[in-house]
Every structure is written in C-alpha cells, then in structure tokens.
Amino acid sequence: MSIEYNPKYMKHFYDPVWENFEDGFWQGIKQRKLKFQKCSGCGTFSHPPRVRCPKCKGEGWEWVESSGKGRIYSWTVARQEVHPAFRVPFEIVLVEMENEPGVRLISNMVDCTPEEISFDMPVEVCFREVTKEWALPMFKKVGG
Amino acid sequence: MSLKNKACIVGIGSTEFTRNAGRSEIHLAVDAVTAACVDAGLEIDQIDGMSSYGTAGIYAAELAPDIDVARSLGIPNLRYFGQTPWGGGASCGVVAHAAMAVASGVANYVVCYRSLKPASGTVRYGRPTAIPAEYRYSYYMPYGFASPTMWVATMAKRWMHETGATREQLGYVALVSRENALRNPRAMFYGRPLTMEEYLHSPMSSDPFTLHDTCLENDGAVALIVTTPERARDLKQKPAFIAGVGFGTSYDSHSMTSFYRDSIGLPECTEAAREVFRMAELTQKDIDVAQLYDAFTATVPMQLETYGFCKYGEGGAFCQGGDRIRLGGELPINTSGGMLAEAYIHGMNMIAEGVRQVRGTSTSQVKDAQNVLVTGGLGVPTTALILTQGN
Ligand SMILES: [Zn+2]
C-alpha cells in the first residue's frame with residue numbers, strides 16, 4: 001500500500017514553496033536527486049536548510065547528493081482523514097539518513113503496509129510522480 | 001532584579017464551552033474579558049493592556065485580534081499590546097508578558113485572552129486546507145503529513161519506543177482527566193465517564209493516538225487579568241501571584257516538527273522548567289498541583305520527565321494506574337479536566353484552573369494548594385508559570 005493522492009487538490013498540497021528560499025533540496029528533486037545541505041567549512045549537514053551553520057557559523061554551503069539509504073526512526077499511520085487530498089489509511093515515515101549525520105526526512109513508503117514497518121528498518125529512496133511537475137522522494141524496503 | 005511576585009492574576013473569566021457558540025470569536029473574547037472584569041471587580045475602562053496569542057504560520061487567520069476586541073469593549077486606548085506566536089506554546093508566556101508590562105509600569109491592568117471557535121467556525125485546527133506559505137511545510141504537507149496529531153504522534157511513537165511507555169499508561173492520563181471533568185460542570189465531558197476498556201478499544205486516528213488521546217474541539221474563550229500586587233489589594237479576589245515565568249526554545253526547535261536533534265523529546269520544556277523554577281526559587285517537590293498542557297496524552301508523561309518530576313524514561317510508569325496524578329496523589333494534574341476533557345482553549349483554561357487552585361475554588365481542589373505549575377503547549381517553543389499564594 002502507498003499513499004493515494006486526489007488530483008483535485010494538487011495545487012493545495014503538492015507544489016512546494018521553495019522560491020523564497022535558495023533551497024537546493026527542491027532543485028535536486030526536480031532532477032530526481034536527493035540532495036542535502038552540507039557546510040563547506042566543517043561538513044555539518046542541515047535539513048531543512050539554514051542560512052548559517054550552527055556549528056562553525058559559516059555561510060558557505062554545498063548541496064551534496066545522498067546515497068538515499070536510511071533507517072526508519074519513527075512513523076505514524078494516518079487512519080482518520082485530515083483532508084480529502086489524502087486517502088486514509090496511509091503511513092508517514094521519519095527516515096534517519098545513513099550517510100548524513102543529523103538528517104532525517106519525512107516521507108511515505110511506496111511498497112509496504114503499515115504493519116510491515118518497524119523501528120530501524122532499512123529503506124532507500126525512490127521517486128514517485130505526484131503531479132506533472134513534481135516527483136517526491138519516497139522510500140522502499142531495501143531489497144524490496 | 002526579578003519578576004518574582006511583581007504581578008498577579010486578579011480576575012478570570014470564561015464563556016461556556018460548547019460545540020456551537022453561535023457568535024463570533026470577537027464576541028466570545030468580549031464576553032470572557034467582561035466576565036474576568038466582573039470577577040476582579042474592575043471596570044472595563046480600567047483595562048489598558050492586552051496580551052494575546054496566535055499560531056504563527058500554519059493557521060494564519062487569527063479571528064479575535066486585540067484591537068477588535070478592545071474596540072468592541074469600548075476601550076479607548078491600549079497603552080500596551082503584545083502578541084506571542086506558537087499557538088498553545090505561548091499560553092503561559094502571554095501571562096508572562098502581561099506581568100512584565102504591569103511590573104514595569106507600561107500598563108496597569110493587562111487582559112490576557114484566547115478565543116477559539118474550531119468546532120463551528122472557519123478555522124479548524126488539525127484540518128489544513130492548503131500548504132502554508134511558510135517554507136518549512138513543503139517538507140511535510142505533500143506527504144499528507146498535515147495535522148498536529150500526526151506530527152506529535154511521530155514524536156510520541158519514538159518516545160514510547162525509547163522508554164517502553166505503553167498505551168495503557170497513556171490511557172491513565174485520559175482517565176484521570178475525565179475523572180476531574182466529571183466534577184466540573186463547565187467541562188465538555190461533564191457527565192461522560194471513560195473506562196480503560198473503551199480507551200484501549202477506541203480506533204486509532206494516527207498511531208499511537210486515538211480520539212481519546214487528543215484534545216477536545218470546541219468553541220469558547222477564556223480571559224485573565226494581570227496587575228501589580230499593590231493594585232490587587234483594592235480588588236475583589238485573592239490574587240494568584242506569578243512567582244515564576246519560563247520561556248524555552250531549544251537547539252533546532254521547529255514548530256511541532258523538531259525531528260532533527262539527537263533525541264526528539266521535548267527539550268524546550270527542560271529549558272522552560274529551569275527558568276520557571278529558578279525565578280520562583282522553588283523545586284519540583286514544592287509543587288502541590290500541576291496543569292500540564294495536554295493537547296495529547298503522551299505529552300503529559302513526557303512533561304513529567306522534562307519538568308523534572310521524574311527521570312527520562314519514567315514518565316509512563318509515573319502515570320501507570322493513575323494514583324500518583326489523580327486528586328489525592330503526589331502530583332494531581334489537570335484538575336479541571338484539562339484540554340482532554342474540559343475544553344481546548346489553547347491552554348488559557350488551564351491557567352484559569354491554576355488560579356482557582358490558588359484561590360481554593362477548584363471543583364477538584366487540592367487541599368492547601370500553595371504552589372501551582374502551569375505549562376504551555378508542546379513540541380513548539382514553550383512557556384510555563386508558577387502561581388502561588390505569594391507568601
Ligand atoms: Zn560549519
């Protein structure tokens with residue numbers, strides 16, 4: 001099972017608001033690449049992005065592509081509808097990325113039922129088209 | 001120089017709590033402020049300050065702004081007005097700002113209020129209509145991760161995993177709140193008992209939460225009046241002294257989505273706790289009764305840990321069986337029924353209940369309550385108060 005979108009509400013929820021923030025995450029997503037902000041001074045990762053590095057206070061950042069591998073850090077299963085855009089039930093996962101310390105990513109699973117999800121389960125990123133313009137990074141079981 | 005005991009709460013007022021108030025948020029606020037003035041023995045025109053709050057970002061529309069409430073009350077001028085963001089996290093901070101305003105002489109009588117109409121109005125908390133303009137929501141909303149219940153569920157599930165806390169332990173928080181509401185005729189759940197059986201068999205809304213783990217949805221408003229101890233002497237009520245205030249953010253604080261620190265937890269509370277106890281010159285042992293912000297059951301044991309009533313990982317066990325947190329126990333909590341069972345007024349009703357405990361007029365009165373801890377919303381920048389007899 002995976003999240004089902006109601007196309008009627010695309011504009012309400014699926015167009016990320018990134019123009020006001022120089023956000024390489026969404027620019028990466030447009031090229032089907034998962035990228036995170038990394039301080040060029042001290043190597044600290046930050047997600048969501050920031051203006052200044054919390055560790056060295058530098059403002060030099062690079063956007064580095066992730067291996068996309070991670071583990072389930074927490075999750076929830078939405079069973080009560082909050083908006084008709086999203087058909088319940090669906091699962092939300094918080095994935096701790098393997099190679100980017102301190103980076104966790106909220107997303108959906110594409111290939112498993114809520115019952116199959118467990119803490120520390122290994123997952124990897126894949127891209128799923130939700131509108132003509134956008135594909136979102138989602139996760140699948142490793143080896144699945 | 002300290003703010004300790006430089007201000008007190010001298011009036012509390014409330015509308016009825018209902019599923020359909022049949023009037024606007026401004027009208028509800030006017031009614032609550034009027035009731036607070038009557039309670040205090042003040043004329044409306046003596047009010048010269050307003051401290052209010054809203055939900056920055058996600059539910060932008062604030063439907064009872066201070067100038068509209070003042071205008072409808074016929075207050076000619078506000079010498080002080082201040083607003084605090086972050087929804088329920090602001091609740092105690094709103095009172096702290098009022099205390100700072102009167103202690104510094106910027107204003108004499110400051111009204112704090114919250115007016116909400118989610119049950120029948122246009123802004124329904126937990127029911128977003130679109131992705132908010134604030135950039136951070138782009139990381140959540142497109143995945144259907146779109147309500148406070150889901151956000152806090154994700155934090156709570158991790159906390160339960162790390163600490164071994166159980167659904168049954170959360171259930172006791174819901175049950176004790178309900179017991180308190182059964183003694184409180186104002187409560188939405190007055191006359192509606194809850195059993196553990198019902199709690200455990202209720203369907204999940206967002207794992208690990210059921211409807212019994214989340215706060216009420218209702219219309220209503222609550223107002224408080226803050227002034228100096230000197231002015232309080234001429235008023236009707238026994239004052240509730242503001243012995244301590246605490247504000248807390250923490251490393252990498254977000255609004256309900258602080259998912260990026262070593263342990264998700266509620267470190268904002270740890271910071272607010274340190275400040276509020278330091279100012280009040282009190283410790284956890286001195287607290288007779290606590291009103292712990294309970295938009296969600298799990299955040300109550302999480303606060304028992306972060307406010308220092310027990311160690312990390314012990315909050316669930318603290319709630320087991322309910323005896324330690326119910327009336328007569330070592331730390332009675334949420335004696336009006338809180339937001340799980342009295343009403344959801346973004347914590348303002350819990351501050352009013354703290355005042356009643358100091359006055360000795362609660363429907364679940366703790367005998368000789370001297371020191372009351374009240375906390376603000378969780379998973380957001382948060383605030384806390386200690387109210388006392390002022391001795
Ligand atoms: Zn750096």
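**Sheet in chain A**

I began with the open sheet of three strands in chain A, which has the order E3-E2-E4 and antiparallel pairing. I take strands as DSSP runs (E, at least two residues) and helices likewise (H or I, at least four), numbered from the N terminus; two strands pair if DSSP finds at least two bridges between them. The edge strands are E3 and E4 (61-65) of chain A, each of which pairs on one side only. I found two bridges between E2(A) and E3(A), which run antiparallel. Lys38(A) stands opposite Phe45(A) in E3(A).

**Ground rules**

I note that this is a predicted model, in which local features need pLDDT of at least 70 and side-chain atom pairs count only at pLDDT 80 or more, while totals for chains, interfaces and linings use all residues. Residues are numbered from 1 along each chain as its sequence is written, chains are lettered from A and ligands numbered from 1 in the order in which they are written, and side-chain values use heavy atoms, with hydrogens and water left out.

**Second largest pocket**

I looked up the second largest pocket next and noted a volume of about 350 Å³. A pocket here is, on a 1 Å grid over the protein atoms alone, an open set of points where a 1.4 Å probe fits, with protein on both sides within 12 Å along at least five of seven lines; lining residues have an atom within 4 Å of a point. The grid points are joined across faces, edges and corners, and the volume is the space filled by probe spheres set on them.

Of the 20 lining residues, Phe45(A), Pro101(A), Gly102(A), Tyr251(B) and Tyr260(B) are the closest to the pocket centre. Strands E3 (45-46) and E7 (90-97) of chain A are the elements that give two or more residues to the lining. By class I noted seven nonpolar, four polar and nine charged residues in this lining. Nonpolar covers Ala, Val, Leu, Ile, Met, Phe, Trp, Tyr, Cys and Pro, charged covers Asp, Glu, Lys and Arg, and the others, Gly among them, are polar.

**Rings**

I found 14 aromatic pairs over all chains. Rings of Phe, Tyr and Trp (its six-membered ring) pair if their centres lie within 6.5 Å, and planes under 30 degrees apart count as stacked, over 60 as edge-to-face and the rest as tilted. I looked at Phe25(A) and Phe36(A): the ring centres are 6.1 Å apart and the planes at 40 degrees, so the pair is tilted. Phe25(A) belongs to helix H2 (residues 24-30) of chain A and Phe36(A) to strand E2 (residues 35-39) of chain A, eleven residues apart.

Phe25(A) is buried at 1% relative accessible area, and Phe36(A) is buried at 0%. Buried means under 20% relative accessible area, exposed over 50%, and partly exposed in between (1.4 Å probe, protein chains only). Ring pairs link both residues into a cluster with others, including Trp26(A), Tyr137(B), Trp151(B) and Tyr260(B).

I also checked charges over rings (NZ of Lys or CZ of Arg within 6 Å of the ring centre and within 35 degrees of the ring normal). Arg104(A) lies over the face of Tyr73(A), at 3.7 Å from the ring centre. Arg324(B) lies over the face of Phe318(B), at 3.9 Å from the ring centre.

**Strand E7 of chain B**

Strand E1 (residues 8-14) of chain B runs antiparallel to E7(B), joined by six bridges, with Cys8(B) opposite Thr227(B). Strand E4 (residues 110-116) of chain B pairs with E7(B) in the antiparallel sense over seven bridges, and Val111(B) has Ile225(B) as its bridge partner.

**Strand E11 of chain B**

Seven of the seven residues of strand E11 (residues 382-388) of chain B are buried, so E11(B) is largely enclosed by the rest of the structure. I found antiparallel pairing with strand E8 (residues 240-248) of chain B over seven bridges, where Gly244(B) stands opposite Ile386(B). Strand E10 (residues 371-375) of chain B pairs with E11(B) in the antiparallel sense over five bridges, and Val374(B) stands opposite Leu385(B). The hairpin of E10(B) and E11(B) has six residues between the strands, and Gly379(B) there takes a positive phi near 75 degrees.
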